[in-house]
Amino acid sequence: YMNNKMNFFINKKISPNLKRIRTLENRDLVNGLRLNRNERVLNYPINIINHIFKKDQSYNLAKYPDHTQLYNNVSKFFKINRKNILLTNGIDGGLKTIFETLTKPGDRVCALYPSYGMYEVFSKIFKTKFIKIKYNLNTFKINKLKLENLIKKKPKILILPNPNQPIEDYLEHNYIKKIAQMCKRHNVILVVDEAYYMFGSRSAIDLVEKHKNIIILRSFSKSFGLPSVRLGYMVSNKKNKKFFDLFRLTYESNYLTDTVVNFFLKKTSIVKKYNRSVIIGRDLLKKKLKNLGLKTIGGKSNFLLIIFENSKITLKIKRSLDRKKIYVRSYKDELSNCLLVTCGPKKIMEKLFREIKINYLKQKK
């Protein structure tokens with residue numbers, strides 16, 4: 001009987017087109033360069049790991065977590081009113097909250113494409129109609145006129161990752177403001193995903209109080225180099241935040257995560273110094289690749305999309321990098337002639353460039 005009930009649930013309630021794949025490591029994390037998942041490239045020194053829990057009180061593990069300090073530190077560091085913030089389990093947690101509270105089956109949800117895969121995953125889970133706003137793969141730009149016309153058709157939600165990945169067609173602040181105003185007129189909820197904030201982009205946080213239809217999503221995975229702790233936060237006006245707060249879990253985070261993030265929110269020089277080194281390394285790599293005759297997309301995030309002449313050259317370079325344990329990301333279909341590389345400090349980018357140059361020139365002969 002229970003098996004029949006479970007089969008009914010699986011067949012009827014969950015979208016038959018939904019497939020989830022758990023990402024496998026398959027990387028040498030000791031000797032390799034992990035440049036394929038937009039993580040922090042350098043490991044944290046072991047003394048930092050030890051220092052984080054050095055003054056820990058033994059009772060902290062034995063009691064329920066108190067997020068007061070974390071909320072206050074996030075508010076102080078980012079200069080955001082505490083009443084506008086809700087902690088989430090990474091950006092995924094914020095997306096899930098938005099879909100489960102603001103959508104119903106059949107609602108239209110629009111997002112840039114290609115982009116973060118979980119937009120479409122949540123759309124399928126909650127049975128909304130997912131509309132892809134595709135890039136022009138000749139220019140790697142969004143057709144802004146089409147985007148604006150789509151808003152006029154009044155979808156329920158528009159998701160704009162800014163900067164987006166893997167294609168970073170950065171949207172300037174004035175344009176985000178224009179889109180926010182259009183969405184407000186047409187009763188569209190605007191979700192701005194700022195996962196890659198702090199590498200040169202400008203935030204849309206200042207629009208939150210002026211526009212009741214804006215929700216900002218952020219994460220500590222990229223800008224703070226802490227993907228392992230799975231912490232993010234939503235920012236919206238006080239009324240929206242209060243509404244989302246009704247649907248949160250009993251505890252938004254946990255003691256161990258809070259302790260790690262609180263440490264880095266206080267030791268901001270560690271974060272800012274590393275992010276500066278990423279920007280320097282990124283800009284250096286971009287310049288060198290341009291001198292080599294290669295086009296790159298990016299300049300406001302911690303990655304670059306490198307465009308080669310064809311997929312054959314791209315695949316051979318990818319395989320050569322794999323053999324050297326330099327892990328970068330490749331694609332199928334429309335982006336099969338591209339590699340996405342996570343950027344890091346200058347020395348690492350120079351090493352990456354040498355390997356790309358050797359193999360690229362070899363393929364060009």
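Which order do the 4 strands of the open sheet have, and is the pairing parallel or antiparallel?

**Entry 1: ground rules**

I am working with a predicted model, where local features need pLDDT of at least 70 and side-chain atom pairs count only at pLDDT 80 or more, while totals for chains, interfaces and linings use all residues. Residues are numbered from 1 along each chain as its sequence is written, and side-chain values use heavy atoms, with hydrogens and water left out.

**Entry 2: the open sheet**

I looked up the strand order and found E10-E11-E14-E13, with antiparallel pairing. Helices (H or I, at least four residues) and strands (E, at least two) are DSSP runs, numbered from the N terminus. Two strands pair if DSSP finds at least two bridges between them. Strand E10 (295-297) and strand E13 (329-330) stand at the edges. Each has a single partner strand, so one side of each lacks a neighbour in the sheet.

I then checked E10 against strand E11 (residues 303-307) and found 3 bridges, running antiparallel. Ile297 has Leu305 in E11 as its bridge partner. Helix H10 (residues 268-291) packs on this sheet, touching E10, E11 and strand E14 (338-342). Contact means heavy atoms within 4.5 Å. The direction of H10 makes about 10° with that of E11. For such angles, axes are lines fitted to C-alpha atoms, for helices over the stretch in contact, and the angles run from 0 to 180 degrees between N-to-C directions.

**Entry 3: the cores**

Next I asked which residues have the most contacts inside the largest nonpolar core. They are Phe78, Leu158, Phe224 and Phe264, in a core of 85 residues. Helix H7 (residues 173-185) gives the most to this core, with 6 residues. A nonpolar core is a set of buried Ala, Val, Leu, Ile, Met, Phe, Trp, Tyr and Cys residues joined through side-chain atoms within 4.5 Å. Buried means under 20% relative accessible area, exposed over 50%, and partly exposed in between (1.4 Å probe, protein chains only).

I picked out Phe224. Not counting residues up to four places away in sequence, Phe224 touches Tyr44, Phe77, Phe78, Met198, Phe264, Leu265 and Val271. There is also a second, separate core of 27 residues, including Leu292, Ile306, Ile326 and Ile356.

**Entry 4: helix H3**

I turned to helix H3 (residues 68-78). Its buried residues are Leu70, Tyr71, Asn73, Val74, Ser75, Phe77 and Phe78. They pack against strand E2 (85-88), E8, strand E9 (232-235), helix H9 (255-266) and H10. Lys79 follows H3, and its phi is positive, near 55°.

**Entry 5: strand E8**

Is E8 enclosed or open to the outside? I found 6 of its 6 residues buried, so E8 is largely enclosed by the rest of the structure. Ile214, Ile216 and Arg218 cover one side, and Ile215, Leu217 and Ser219 the other. E7 and E8 pair in the parallel sense over 4 bridges, with Val192 opposite Ile216. E8 and E9 are joined by 4 bridges and run antiparallel. Ser219 has Gly232 in E9 as its bridge partner.

**Entry 6: Ser203**

I found Ser203 in the loop between strand E7 (189-193) and strand E8 (214-219). Ser203 counts as buried because its relative accessibility is 11%. Its side chain makes polar contacts with the side chains of Glu194 (2.8 Å) and Arg218 (2.7 Å). A polar contact is a pair of N or O atoms within 3.5 Å; within protein, one must be able to donate a hydrogen and the other to accept it, and residues adjacent in sequence count only if both atoms are side-chain atoms.

**Entry 7: salt bridges**

How many salt bridges are there? The count comes to 14. A salt bridge is a side-chain nitrogen of Lys or Arg within 4 Å of a carboxyl oxygen of Asp or Glu.

I looked up Lys325 and Asp28, whose closest N and O atoms are 2.7 Å apart. The two residues are 297 residues apart in the chain. Lys325 is partly exposed at 35% relative accessibility, whereas Asp28 is buried at 18%.

I also looked up Lys141 and Asp169, which form a salt bridge at 3.4 Å. Lys141 lies in strand E5 (residues 141-142) and Asp169 in the loop between strand E6 (157-161) and H7, so the pair ties together parts 28 residues apart in sequence. Last, I noted that Asp245, Arg248 and Glu252 are linked in a network of salt bridges.
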